[in-house]
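Subject: Structure handover

Hello,

Here is the structure I promised you. Please open it beside this email and follow along.

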Amino acid sequence: MPAYFACQTLRYSIGLTDRLYYHDSYLFDFTAEVLSRSFDGLRLELDRTAFYPTSGGQPFDTGTLSGIPVVDVVEEGDALIHVLAQAWPADLSRVEGQINSVRRLDHMRQHSGQHLLSAVMAEDFSLATVSFHLGPDYATVDVEPATASAEMLLAIEERVNDRLLENLALSVSFEDASLAQGLRKAPDRTGLLRIVTIDGLDRSACGGTHVRHTGEIGCVVLGKTEKVRKAQRIEFYCGERARRALRERLNAAEQSAATLRDRLAESDKLRRKLSLELAVIAGQRRFAESVPDQNGSFVWMEEVDEIGEEIRASVDAFLSNPGTLAVILGTKGTAILLGAHASLNLDCGKLLKAQLDAKGGRGGGSSKLAQGTIPSLEVLRSLAGDLVR
Ligand SMILES: [Zn+2]
């Protein structure tokens, strides 16, 4: 059987089987009599059934007939055939049927969700549904013209859920095709039509199973869309499927955010490592380019914005050479860094502390490297001048 059907090409003319699901889609348990049994006992026709056969885009029901699993339900001509996993006993005529209600209720939500979605797209967005398919993971509708943009799809999703929350009643009626009024799509058959009505919104010929109120659909979420020949195929999810689809999207978004964060942290670490390596090279180059003063010392005195780890790394590299002295001022926070190579026999910690104590600052350090702060930049500058002298 082809996978796609337009709802109203459904056949539901009366065969020999009374189709209980036409009248009550919440009937999950029923009894029936065997009408006919195939020679191998794997195919059974009943006088009445609640099992829905694959049709109108909606898949068949699963469940059991007196404990034997039903693996397929098909229409052949007017006959409705239950395909069984094991042979039906030849001498047994009474059947106790049980529908897999979880699967059926899911199908009802998707199918009613489709009617609601198609009605809203027709009414408010001038998009006509040309087919519907209900798959195991997601359902699709094909619409024409294929003009729905991403923005329009968002607007459709919002509108559908607004209508859903109105909790509109769905009902089933049987009307003659020539007399039926206000159908969304003109019927392509004559005689008795089964019509599914969403109160105040939609009337469509359909043989499927539906919920009683739009609220039972839960939520409608639109998914991917693609062009298929002249039409646009739109994925959608209703009920539990919608919750799952949203959860999956959320998980994927969180996953990629975490990956992005990790990458950012990694590149930040690398950037920091590289900039420290560059700072060391800069410190060595500064030494290589400096000339000794009258005492034969190599003095680096500089004012920078802030005494950060890069300038420290440069100073460290500079001071690894004999005869070096560094005095770095940081204008932010009025800070000073004083360092000297051991060959100069200076005690930087003691020297700086004495100077700072005398001028209202504070600080200290080791003999090789010391730092401190002082409230005034002017005082700091004069202090630095004294140190170099
Ligand atoms: Zn339908």
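Start at Gly57, which sits in the loop between β4 (48-49) and β5. The model is a predicted one, so keep that in mind throughout. Is Gly57 buried or exposed? Gly57 is buried, because 25 other C-beta atoms lie within 10 Å and the cut-off for buried is 20 or more. Now look for Ser343. Gly57 and Ser343 are 286 residues apart in sequence, and their C-alpha atoms are 90 Å apart in space.

Strand β5 covers residues 63-65, and strand β6 covers residues 68-76. The two run antiparallel and are joined by three bridges. Find Thr64: opposite it, in β6, stands Pro69.

Which strands close it, and in what order? There are six, in the order β2-β3-β7-β6-β5-β8, with antiparallel pairing. From one strand to the next, the twist averages 45°.

Now step back to the whole chain. The protein is divided into domain 1 (15-99), domain 2 (105-247) and domain 3 (279-388). How far apart are the C-alpha centres of domain 2 and domain 3? They lie 77 Å apart.

Then the nonpolar cores. The largest has 34 residues. Leu116, Leu117, Val220, Val221 and Phe236 have the most contacts inside it. Several elements each supply at least two residues of this core, among them α2 (150-165), β14 (220-228), β15 (231-238) and α3 (240-289). The largest share is six residues, and it comes from α1. Zoom in on Leu117. Leaving out residues up to four places away in sequence, Leu117 touches Val141, Val160, Val220 and Phe236.

There is also a second, separate core. It has 21 residues, including Leu319, Ala326, Leu338 and Leu352.

Last stop: Leu329, in strand β17 (residues 324-330). Why does Leu329 count as partly exposed? Leu329 has 19 C-beta neighbours inside 10 Å, and buried would need 20 or more. What does Leu329 touch? Its contacts are Glu303, Ile336, Leu380, Arg381 and Ala384, again not counting residues up to four places away in sequence. Leu329 and Leu377 are 48 residues apart along the chain, and 9.0 Å separates their C-alpha atoms.

Best wishes

Technical notes. Residues are numbered from 1 along each chain as its sequence is written. This is a predicted model: local features need pLDDT of at least 70, side-chain atom pairs count only at pLDDT 80 or more; totals for chains, interfaces and linings use all residues. Domain bounds come from an automatic or database domain assignment. Two strands pair if DSSP finds at least two bridges between them. Helices (H or I, at least four residues) and strands (E, at least two) are DSSP runs, numbered from the N terminus. Axes are lines fitted to C-alpha atoms, for helices over the stretch in contact, and angles run from 0 to 180 degrees between N-to-C directions. A residue is buried if 20 or more other C-beta atoms lie within 10 Å of its own, exposed if 12 or fewer, and partly exposed in between; C-beta atoms are placed from the backbone. Two residues are in contact if their C-beta atoms, placed from the backbone, lie within 7 Å. A nonpolar core is a set of buried Ala, Val, Leu, Ile, Met, Phe, Trp, Tyr and Cys residues joined through C-beta atoms within 7 Å.
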